[in-house]
Amino acid sequence: MECLQHICTEGCTSVGPHDMVPGKKKGPCSKFSTCQGIQQLINHFATCKKRVNGGCLRCKRMWQLLRLHSSICEQSDSCKVPLCRYLNLIII
């Protein structure tokens, strides 16, 4: 969860918040060991054609991660994780 928030608020190597202008490519993230995997998952989720039909395991993992984050997020109104507020409203 911390890694997802880190990527969505501060940005990490090639993936970052939607409201930030991409800067220079950063080096590998030393903050979290899972950043590379989460970034790959985010990139896949953004471009996958199968997720529309629910047929992609990677996209299902991303949905799980987003749902889990929104269920424990205490700042969903100002959270920068995609779909956090929306999923929080649905879950409650």
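Reader: Cys-73 first: buried or exposed?
Author: Cys-73 counts as buried, because its relative accessibility is 12%. Buried means under 20% relative accessible area, exposed over 50%, and partly exposed in between, with a 1.4 Å probe and protein chains only.

Reader: What should I know about the model and the numbering?
Author: This is a predicted model: local features need pLDDT of at least 70, side-chain atom pairs count only at pLDDT 80 or more, and totals for chains, interfaces and linings use all residues. Residues are numbered from 1 along each chain as its sequence is written, and side-chain values use heavy atoms, with hydrogens and water left out.

Reader: Zoom out. How many helices and strands?
Author: Four helices and zero strands. The pattern along the sequence is α-α-α-α. Helices (H or I, at least four residues) and strands (E, at least two) are DSSP runs, numbered from the N terminus.

Reader: What share of the residues is buried?
Author: Buried residues make up 35% of the 92 in the protein.

Reader: How do α2 and α3 cross?
Author: The axes of α2 (residues 35–47) and α3 (residues 57–72) come within 9 Å and cross at roughly 110 degrees. So α2 is roughly perpendicular to α3. Axes are lines fitted to C-alpha atoms, for helices over the stretch in contact, and angles run from 0 to 180 degrees between N-to-C directions. Under 35 degrees counts as roughly parallel, over 145 as roughly antiparallel, 65 to 115 as roughly perpendicular, and the rest as oblique.

Reader: Which residues make that contact?
Author: From α2, Ile-38, Leu-41, Ile-42, His-44 and Phe-45. From α3, Arg-58, Cys-59, Met-62, Trp-63, Leu-65 and Leu-66. Contact means heavy atoms within 4.5 Å.

Reader: Where is His-69?
Author: His-69 is in helix α3. His-69 counts as buried, at 2% relative accessibility.

Reader: What does His-69 touch?
Author: Not counting residues up to four places away in sequence, His-69 touches Met-1, Leu-4, Gln-5, Cys-79, Val-81 and Cys-84.

Reader: Where does Leu-83 lie?
Author: In the loop between α3 and α4 (84–91). Leu-83 is partly exposed, with a relative accessible area of 35%.

Reader: Which residues is Leu-83 in contact with?
Author: Trp-63 and Leu-66, leaving aside neighbours within four places in sequence. Leu-83 and Arg-67 are 16 residues apart in sequence and 8.6 Å apart in space, C-alpha to C-alpha.
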